[in-house]
Amino acid sequence: MPPSGLELPGGKGVPLERLRRGNDWDYSKRMRYIFAPPPHAAVRIVGSTGWFPVHRIYCVARNYPDHAQEMGSSGREPPFFFMKPPDAVLSVNEGETGVLRYPTLTRELHHEVELVVALREGGTNLTPADVERCIYGYAVGLDMTRRDLQSEAKKLGRPWCIAKAFDRSAPVGGLTPAAWIDDISKIEITLEVNGVRRQHGRVRDLIWSIPEIIAHLSTAWELKPGDLIFTGTPAGVGPVSLTDLMTARGTGLAELRVRVMRA
Ligand code: MN
């Protein structure tokens, strides 16, 4: 029997040369799923009934000097990344309050307010000059973290998934199209818990700028339309408890409100 590459449930195989071309071949027209695929993760868009389909969620660690310091680093170390699964996103429409069930396995659930960049185009080895056409828009988001599990993982040299990539660990406010924002370097992000200011950061203070982050990411992965990038958190990360209300704001962006509830 000739090599046929991948055998599909439909019977005929995918020709090998198509597999070799990479993962950009559209299987969907021939593929018969054995059960209904789960709904696609998506984020609301400000002033629109449309949804932004989420492909991947990339996160940058230690990207504000004051937070890098509180986490024990110094200087301009190369950016490093982790990911959350797309369905970790918790999309909260402007004017509504999202519900975050207190996650299992932790006694130290931390907030990290971040500017989120949403891509409408991608690519590999992008230059900072390519980046502008790739950006669809911006939102405020929360990189929720099981800090106790993250500290343990760091100590033991283990992966961060269980600390960072749990279900609903990525609340995101409504996306604001980039065209509505005249100067992103003027954006300031804040987080209040029960009305008390916990975090404040200015996008112009990012250690790695947004074009630099996107260019850097695109050397490691092929970026795609639908990618979300959490760009890092300023100082002031801390715990939240049951019934706490988190309010995240970014200049010119939709407010994000999330309440922590019993699991
Ligand atoms: Mn973070």
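Leaving aside residues up to four places away in sequence, His216 touches Pro79 and Trp208; two residues are in contact if their C-beta atoms, placed from the backbone, lie within 7 Å. The model is predicted: local features need pLDDT of at least 70, side-chain atom pairs count only at pLDDT 80 or more, and totals for chains, interfaces and linings use all residues. Residues are numbered from 1 along each chain as its sequence is written.

His216 lies in helix 6 (residues 210–220). Helices (H or I, at least four residues) and strands (E, at least two) are DSSP runs, numbered from the N terminus. His216 is partly exposed because 17 other C-beta atoms lie within 10 Å; a residue is buried at 20 or more such atoms, exposed at 12 or fewer, and partly exposed in between, with C-beta atoms placed from the backbone.

An open sheet of five strands has the order 8-20-19-15-16 and mixed pairing.

Thr247 has Arg257 in strand 20 as its bridge partner.

The protein has six helices and 20 strands, and 35% of its 263 residues are buried. Its mean pLDDT, the predictor's confidence in each residue from 0 to 100, is 90. Over residues 1–5 pLDDT stays under 50. Where pLDDT is low, the predicted coordinates should not be read in detail.

Definitions and conventions:
Two strands pair if DSSP finds at least two bridges between them.
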